[in-house]
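These are my notebook entries on a single chain. I record what I looked up, topic by topic.

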Amino acid sequence: MNMLVSFGIKDVLDILLVAFFLYQIYKLMKSSGTLAIFGGVVSIIVVWLLVSQVLEMRLMGMILDKFISVGFLVLVILFQDDIRKFLVALGSNRGWKFFVNLFSRKNGDADKNKFVAPVVLACMNMARKKTGALIVIQKEMDLSAYIHTGEMFTADVNARLIENIFFKNSPLHDGAMIIADNQIKSVGCILPVAHDANISKDMGLRHRSGLGMSKETDALIVIVSEERGTIAVAHNGKIQANVSAETLQQILSGTKEMDINS
């Protein structure tokens, strides 16, 4: 009865803040592919609270207390890659970027998509010449972990430069090019490969790498087929094949959604 009397507005606010915090972590972990860790941690905490606080089981409570005390270190060791992915998603979250952009507006909206025209032109030329290419365009999620797998440099996005990099005799033509903030950040990058059993047998390594990258991040990936001279776009675990120049321009500039049924 005393506990109910002392339950006030501050306690309601406390509960709402905790619920909001857990919901935001849930969304971030879901988008970064680490939702299983969230479910496991929440389950352990709920069992620990029931055993030690509600049921007051001393022996089990003491065991779980010891487990919780070292649980964080165990999680870091066992799930370091997943935790890194979650922290990258946290740092790249739109909510944080909103506040950053308030104080660091370097370019207007007109400059935001200035990479689109050179990428479209280069892809059309490479498709016509049947030159294979794999281009990753960073969105909200930071791609530093993938950028460091290739040869890093900073250059403005230029159609002729893109074509020269993916030219068959170029030492940097293998791997992916990563574009971020309207600049080429790295080439020859290694991407995660999708191994789904339902992937079409017609898809080569470039398409599988592009699809795998789209499952791991929110990036837009453009794939130029060396065998067929066609262009495909991968995003959010989906791939659209046989993309025209106009459609590619619209997808990259964000004025058109991908047709996932293609």
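**Salt bridges**

I began with E163, which forms a salt bridge with K129; the closest N and O atoms are 3.4 Å apart. The model is a predicted one, and I read the distance accordingly. I then placed both partners: E163 is in helix α9 (residues 159-165) and K129 in helix α7, 34 residues apart, and the pair links distant parts of the chain. I checked the cover on each side. E163 counts as buried because its relative accessibility is 16%, under the 20% limit for that class. K129, by contrast, is exposed, with a relative accessible area of 51%.

I next asked how many salt bridges the chain holds by this rule. The count comes to three.

I looked up the side chains of K168 and E226 and found that they meet in a salt bridge, at 3.9 Å from N to O. K168 lies in the loop between α9 and β3, and E226 in the loop between β5 and β6, so this pair ties together parts that are 58 residues apart in sequence. I noted K168 as partly exposed, its relative accessible area being 48%. E226 is also noted as partly exposed, with a relative accessible area of 31%.

R206 was my next entry: its side chain meets that of E226 in a salt bridge of 3.4 Å, N to O. R206 lies in helix α10 (residues 205-216) and E226 in the loop between β5 and β6, so the pair ties together parts 20 residues apart in sequence. For R206 I recorded 23% relative accessibility, which counts as partly exposed.

**Helices α7 and α11**

I returned to α7 to see how it packs. The axes of helix α7 (residues 116-129) and helix α11 (residues 245-253) come within 10 Å and cross at roughly 145 degrees. I recorded the crossing of α7 and α11 as right-handed. On the α7 side the contact is made by V116, V119, V120, C123 and M124, and on the α11 side by A245, L248, Q249, L252 and S253.

I then asked which residues of α11 are buried. They are T247, L248, I251, L252 and S253. I looked for their cover and found that it includes α7, β1 (133-137), β5 (220-224), β6 and β7. After α11 comes G254, and I noted its positive phi, near 80 degrees.

I looked for backbone exceptions, since most residues other than glycine have a negative phi. D181 is not a glycine, yet its phi is positive, at about 55 degrees. I located D181 in the loop between β3 (176-180) and β4 (183-189). Its relative accessibility of 62% makes D181 count as exposed.

N236 likewise has a positive phi of about 55 degrees without being a glycine. I located N236 in the loop between β6 (231-235) and β7 (238-240). At 53% relative accessibility, N236 counts as exposed.

**Nonpolar surface patch**

I searched the surface for nonpolar side chains. V42, V46, L50, V54, L55, M57, L59, M60, M62 and I63 make a nonpolar patch of about 910 Å². I traced the elements that give two or more residues to this patch, and they are α3 (35-54) and α4 (58-78). I examined I63, which is found in helix α4. Was I63 buried, partly exposed or exposed? I63 counts as partly exposed, because its relative accessibility is 46%.

**A145**

I looked up A145 and found it in helix α8 (residues 144-147). At 40% relative accessibility, A145 counts as partly exposed. The C-alpha atoms of A145 and C189 are separated by 10.0 Å, and I noted that these residues are 44 apart along the chain.

**The chain as a whole**

I counted 11 helices and seven strands in the secondary structure of the chain. Of the 262 residues, 35% count as buried. Among contacts with a separation of 6 or more, I found that 57% come from residues 24 or more positions apart. The chain exposes about 16500 Å², of which carbon and sulfur atoms supply 61%.

Notes
Residues numbered from 1 in each chain as written. Predicted model: local features only at pLDDT ≥ 70, side-chain atom pairs only at ≥ 80, totals over all residues. Heavy atoms only, no water. Patch = residues over 30% accessible without salt bridge, like charges linked within 9 Å, V, L, I, M, F, W, Y side chains within 5 Å. Areas by Shrake-Rupley, 256 points an atom, 1.4 Å probe, with all protein chains shown as cover. Salt bridge = Lys/Arg side-chain N within 4 Å of Asp/Glu carboxyl O. Helix = DSSP H or I, 4+ residues; strand = E, 2+ residues; numbered from the N terminus. Buried < 20%, exposed > 50% of the residue type's maximum accessible area, 1.4 Å probe, protein only. Axes fitted to C-alpha atoms, helices over the stretch in contact; angles between N-to-C directions. Left-handed = near helix turned anticlockwise from the far one by under 90°. Contact = heavy atoms within 4.5 Å.
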